[in-house]
Amino acid sequence: MASPEKISSLVPEGLPQPDPMLAKWPLRRDVVHMDHGSSGACTTAVLEHQNALRWDLDRGSPEFFLSSWSPRHRASKEALAKFVKADYDELLLTSGSTLGLNIITQSQEFQPGDELLTTNHAYSSVVIMMKHVAKRDGAKVVIAKVPFPVASPDEVVDSILACVTPRTMFAIIDHIVSRTGLVFPIKRIVKELADRGIDTLVDGAHGPGQVAVDLHDIGSAYYTTSCHKWMCAPRGVGFMYTRRDKLDHLKPLIHARSGHWRDSDGAAYSRLEHTFEWNGCHDPSGVHSMPKIIEFLETALPGGHAAMVKRNHDLAVEARKTVLEILGIEMPCPDDMIANMVTFPLPDSVLPDAGGILPICRTLWEKDRAEIQCYHWPAYPKRIFRFSVQLHNSMEQFIWLAGRIKDALEAEVELAKTLANSANGSNGVTSESH
């Protein structure tokens, strides 16, 4: 790893210093990376490992698919099963959460009038998919209104259970929410719904890597994730988990021959593996890098992945407290309801809703080279701001960010006044006439 002095020399003047752990990533040094939660970032070591696998494939693809594909796929799933506390044969490697969510949800069969439950914090693609399946079967989607800011996990659970009816058959609930960064009490939610006869698919896109995940302990029927976010995997790497008693319920979206038929021990593979694991002659180097991906998570800090989780959460808590004090904004939730993503409400937008990227996002990117997220939520003019914490981030970056946010908000107010005065002037009204 590069020394702090080496990292410092690569960061342009005027930008805050990152943590020296930035040397583990190939991230640009002229950008302040505080949005790991959006599309993640793969480490240099894993990218080099993946490239070596690609070279191995392209030096002799027939031999690779004949002798290497199946055992490497198995090795990746075995490493993953240990990391997320699941059985090997309950897991499928996928291209990400979107595929897993679609396989599982589109495998369900509903009757007219049945209800599919999610929350107002659900990712937009999840709601689109649920509405598609509901329309297919004559069912309907019910969206529980979970508040944000929120005072306690009890509010989350109560909001969800308040929308359960005798017609509720299936639920998709976030583990850690993309928009608000809230860590839902997922084990408790799963149990409460299961006690009412409802299967839960957990959208874990932001779970593994950000927190320790024990799939058997969570107890859900299904769980999906994208590993490129918090496991620092290459893009196009994810997995889906199906509890053993639900395995026979799954139906493939793609019908194709098995990728394991060449293996001399092909009979050792399950129906799930033969049916789902071959979707064409795609580059498998990302998913086959899983052992290397997990190696980084377990060795980046002394103390393993648990130490990584604690370090990032502790910094997120400290950074949130400092940023909100500087901005004069109240805490939107308790410390134990966040992990590495910090989200808080900003003052209502004072500029017209032009759609697309919010002005404050554009300002922070174009002027300050800061990668963050800001959205209208639940709807204009309300808006929330999100930043993420990873090993490469430092407290210095977040103190700097608070100052940039404060400047951007003040500039928005001045711009709104200018626009209002201009509009009044065009209508023959001057500020003196008021």
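Student: Which element gives the largest share of the lining of the second largest pocket?

Tutor: Keep in mind that we're reading a predicted model. The general idea goes like this: rolling a probe the size of a water molecule over the atoms shows where empty space is left. In the second largest pocket, the largest share of the lining comes from H5, with 4 residues.

Student: What volume does the second largest pocket have, and which residues are closest to its centre?

Tutor: The second largest pocket holds about 340 Å³ of space. There are 22 residues lining it, and the ones closest to the centre are Ser97, Thr98, Tyr123, Ala205 and Lys229. As for elements, helix H5 (97-107), helix H6 (124-137) and strand S11 (373-376) are those that give two or more residues to this lining.

Student: Now the largest pocket. What is its volume, and which residues are closest to its centre?

Tutor: Its volume is about 400 Å³. The lining takes in 25 residues, and Ser95, Asn279, His282, Asp283 and Val287 are the closest to the centre. Helix H3 (44-58), helix H4 (61-84) and strand S2 (91-94) are the elements giving two or more residues to this lining. H4 gives the most, with 3 residues. By class, the lining of the largest pocket has 10 nonpolar, 11 polar and 4 charged residues.

Student: Which strands pair with S8, and in what sense?

Tutor: S2 pairs with S8 in the antiparallel sense, over 4 bridges. Within that pairing, Leu93 stands opposite Phe239 in S8. Strand S7 (residues 222-226) also runs antiparallel to S8, and 5 bridges join the two. There, Ser226 has Gly238 as its bridge partner in S8. Note that S2 also turned up among the elements lining the largest pocket.

Student: How many salt bridges are there?

Tutor: The count comes to 28 salt bridges. Let's read a few of them. The side chains of Lys310 and Asp314 form one, with the closest N and O atoms 2.7 Å apart. Lys310 and Asp314 are 4 residues apart in helix H12 (residues 304-327), so about one helical turn separates them. Lys310 is exposed, with a relative accessible area of 53%, and Asp314 is partly exposed at 36%.

Student: Which residue does Arg196 meet in a salt bridge?

Tutor: That's Glu192, at 2.9 Å from N to O. Arg196 counts as partly exposed at 42% relative accessibility. Glu192 is also partly exposed, at 24%.

Student: Which salt bridge links distant parts of the chain?

Tutor: Look at Lys382 and Asp348, whose closest N and O atoms are 3.3 Å apart. They are 34 residues apart: Lys382 is in the loop between S11 and strand S12 (383-388), while Asp348 is in the loop between strand S9 (341-346) and helix H13 (359-366). Lys382 counts as partly exposed at 42% relative accessibility, and so does Asp348, at 33%. Salt bridges can share partners too, and that joins Lys77, Glu273 and Glu277 into one network.

Student: Last topic, the cysteines. How many disulfides are there?

Tutor: In general, a disulfide is a covalent bond between the sulfur atoms of two cysteines. Here the count comes to 0 disulfides.

Student: Are Cys333 and Cys281 buried or exposed?

Tutor: Cys333 counts as buried, at 6% relative accessibility, whereas Cys281 counts as exposed, at 60%.

Key
Residues numbered from 1 in each chain as written. Predicted model: local features only at pLDDT ≥ 70, side-chain atom pairs only at ≥ 80, totals over all residues. Heavy atoms only, no water. 1 Å grid on protein atoms, 1.4 Å probe; cavity = no way out; pocket = protein on both sides within 12 Å on 5 of 7 lines; lining within 4 Å. Points joined across faces, edges and corners; volume = space filled by probe spheres on them. Nonpolar A, V, L, I, M, F, W, Y, C, P; charged D, E, K, R; others polar. Pairing = 2+ DSSP bridges. Salt bridge = Lys/Arg side-chain N within 4 Å of Asp/Glu carboxyl O. Buried < 20%, exposed > 50% of the residue type's maximum accessible area, 1.4 Å probe, protein only. Disulfide = S-S within 2.5 Å.
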